[in-house]
Amino acid sequence: MTVSMTPSLDEWLDRARQRYVDCRPVGARMHAEACEVMPGGNTRTVLHHAPFPLRAARGWANRIVDVDGWEYVDMLGEYTAGLYGHSNDVIRDAVRTALDDGLSLAAHNTYEARLARLLIGRFPALELVRFTNSGTEANLMAVSLARAATGRPAIAVAVGGYHGGLLYFGGGGSPVNAPYETVLLDYNDVEASREALREHGPRIAAVLIEPVMGSAGCIPGDAAYLQMLADEARAAGALLVFDEVMTSRLGPHGAGAAYGITPDLMTLGKYLGGGLTFGAFGGRRDLMEMFDPSRPGALPHAGTFNNNVLTMAAGIAGVEGVLDEEALEALNARGDRLREALQAAVSPYGWCASGRGSMVGLHPVPGPVRSPRDLAAADDRLRELLFLDLLERGWYMARRGFIALSLEIGDDDVDGFVSAVRDCLAERADLVGVPR
Ligand SMILES: Cc1ncc(COP(=O)(O)O)c(C=O)c1O
């Protein structure tokens, strides 16, 4: 079902924007000031939205408060990096301890190998691991390693895939992408992707893919599709790289392991730094050993803050002291419940819910969403309107309809969010004439 009465929708959106502006004089002023010193007042594109972006003053547990004093339940969970919430005591204590022992030590420290051991114990694909400062860097390093190891130039990626600021393959690809030769695959299209991999196989160093596409809309890979990628990569002599920057939270051993597939390399990020700046890449020993600096001709991998004590300490505290199997399973079960309840609530209005476990997408299309192509017809104004309507009711999710649960979100929050979404769509349905 599609929305036809666009003037009403535009009017409704104008009103929602105006209310947003009227309620946030401090946010408006601070945004104007930020624009004097940063392009668009912004240093992280995803956070930008009209009329001007939400500006948080502080947060605790599952709440944030904006600079005008409005409080929200945080359903966004820092795009999966905020899994522990905003003030987990175990993590705060670990950071304080690390702080007391001094910053910027310019030496190996007592933390990094501990975190490496914990991650290797958790994710079967990892035999050796190295740290970076972001998921973007982790993917750049993994792909560069694959190119060095295979001597081939190209990477195969999904259309619409997001693997970091320099590795974005939506909308025809980003002009600031790292200049790798790319082979584009249609996510979940077994036949077309197999054909592309066979055609370009000898040039492909790595197939870089998310087991569940995150930023592209929370789209789970079919098991048969991911297995085909693994088989074809092997047959072509290319490496399979799972980008698990978001998805490693979807099972006790990551999403790849949940599908029963072990990639040659995997990348990590987000919550595994305990809420601080983090990235990691690792995998097969023979590949990762190419970075061993004690070997002649070792590949270089630099990064002033790769082993920064705050991230390392917070990461260890999270994995060791908070995120056991039980906690992770409960989180993902809650996400499944949220998605099912949302699907029931929104489908009468022509929307659908997608995702897996604690990662949920809300889309203004009837679905199912099996590839980014299925979202091409989505009316982005509907996304913005729901986002603004939810803010007004005290709920914060991503402007694009992305939700990532933190451990601080309880069943009451799930129920409250579902009824808020239902109310928003019901209220708007009368105005814009969306069929029920
Ligand atoms: C799947 C995936 N890979 C890589 C990245 C990049 O991570 P970072 O923002 O830490 O550079 C992201 C960030 O959203 C991501 O979702």
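L54 is buried, since 20 other C-beta atoms lie within 10 Å; the cut-offs are 20 or more other C-beta atoms within 10 Å for buried, 12 or fewer for exposed, and partly exposed in between, with C-beta atoms placed from the backbone. Its C-alpha atom is separated by 9.6 Å from that of Y20, 34 residues apart along the chain.

A word on conventions. Residues are numbered from 1 along each chain as its sequence is written. This is a predicted model, in which local features need pLDDT of at least 70 and side-chain atom pairs count only at pLDDT 80 or more, whereas totals for chains, interfaces and linings use all residues.

The C-alpha trace spans about 70 × 55 × 45 Å along its principal axes, and buried residues make up 48% of the 436 residues.

The domain assignment, which is automatic or from a database, gives domain 1 (17–86 + 325–432) and domain 2 (89–321). Their centres, taken over C-alpha atoms, are separated by 26 Å, and the contact takes 24 residues from domain 1 and 24 residues from domain 2, a contact meaning that C-beta atoms, placed from the backbone, lie within 7 Å. On the side of domain 1 that touches domain 2, the elements giving two or more residues are α11 (325–346), β13 (352–356) and β14 (359–363), and β14 gives the most, with four residues.

What about the interior? The largest nonpolar core has 126 residues, of which I204, A206, V207, V241, V346, M397 and V421 touch the most other members; such a core is a set of buried Ala, Val, Leu, Ile, Met, Phe, Trp, Tyr and Cys residues joined through C-beta atoms within 7 Å. This core draws at least three residues from each of domain 1 and domain 2. Leaving aside residues up to four places away in sequence, V207 touches A156, L229, A233, A238, L240 and V241.

Which residues are closest to the ligand? They are S134, G135, T136, G164 and V245, out of 16 residues that surround the ligand, each with its C-beta atom, placed from the backbone, within 6 Å of it. Helix α5 (residues 135–150) contributes the largest share of this shell, three residues.

I close with two backbone details. S104, in the loop between α3 (89–100) and α4 (112–122), has a positive phi of about 50° although it is not a glycine, and S104 counts as exposed, with 9 C-beta neighbours inside 10 Å. N188, in the loop between β6 (181–185) and α6 (190–200), also has a positive phi, near 70°, but N188 counts as buried, with 22 C-beta neighbours inside 10 Å.

Technical notes. Contact = placed C-beta atoms within 7 Å.
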